[in-house]
Amino acid sequence: MTTVTPARAEPPRPRSAWTPGQIVLTLLGTAVCLVFLAPLLWALFTSLKSETEAVEVPPHWLPEHWTGQAWKALLDSGDITDWFVNSLVVSVCVTSIVLQVSALAGYGFARTEFRGKGVLMGVVMAGLMVSPAVLGVPLFTTVQQMGMVDTYWGMILPQCAPAAMVYILYKFFQGIPRELEEAAFIDGAGRWRVFFTIVVPLARPSLAAVGIFTFIASWNNFLWPYMVTTNPDLMTMPNGIATVMNSYGIQWAQLMAGGLMAGLPLIVVFVFFQRQIVAGVAHTGLAGQ
């Protein structure tokens, strides 16, 4: 009777020493991380100071007396909840509309031929070169004439003209092999069925990236909600936090606490969806541009 000799586990390989290049890159990456983390740490430490200590000159990083007074005052006012809900409603609606408009427009430009296609594509490309601030006055005039000042729709609709997002999805749809769609057409599928059953599933990484970029941009938008809204009950997070002051001026500790609360959803979105962001940019063909 033959016996099977168990295989011996290989001893662990010794870790190779770091090369000078790896050391330099690690130190450089650590320095860059510290540069980006420094403002967040400063805001966190300032929010844990008293208002008197927050305005001391010269300033110091760590609080001498740790306190959550700024956080308590901000939460007790009750306004922060309304601002958060308003920002969430506006950002989710804008993201949903932009995804639908961008996907349909991008696919139309990439796969269909129609009269005036070149002109319309030129208009979309021109939209990439125009700053949103330049369009503030004409947009406000239009919204005012339509009676949408101090409404959710007045804040939402003007943010739903996504030239950059149309271009991103247009570039992605151009890279989809036409043979997939032609095979579906031969089997009797129509244009809409091909779009929803073949193109959209393939475009999930790019759609996720577009959705995340749009949500972040809408959440951080300060200028347009500030222009179109005078009702305190409709303020979004950036606009509401800018009003955190009393008769003595800006409440810096509360301002920093509000800024951290406003940035928390974006941090969560980036942490949980960073893979989709990277994959979306890679699939659009924009990574090297």
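Mentor: We'll start with the ground rules, then take the helix pair and the residue in turn.

This is a predicted model, where local features need pLDDT of at least 70, side-chain atom pairs count only at pLDDT 80 or more, and totals for chains, interfaces and linings use all residues. Residues are numbered from 1 along each chain as its sequence is written, and side-chain values use heavy atoms, with hydrogens and water left out.

Trainee: How many helices and strands does the protein chain have?

Mentor: There are 14 helices and 2 strands, taken as DSSP runs (H or I, at least four residues, for helices; E, at least two, for strands) numbered from the N terminus.

Trainee: And how do I read a helix pair?

Mentor: Two packed helices are described by the angle between their axes and the distance between the axes. Here, the axes of α4 (residues 79-111) and α10 (residues 191-202) come within 12 Å and cross at roughly 110°. That makes the pair roughly perpendicular, a label for angles of 65 to 115 degrees.

Trainee: Which residues of α4 and α10 meet?

Mentor: From α4, Ala103, Leu104, Tyr107 and Arg111 meet Arg191, Trp192, Val194, Phe195 and Val199 of α10, contact being heavy atoms within 4.5 Å.

Key
Axes fitted to C-alpha atoms, helices over the stretch in contact; angles between N-to-C directions. Parallel < 35°, antiparallel > 145°, perpendicular 65-115°, else oblique.
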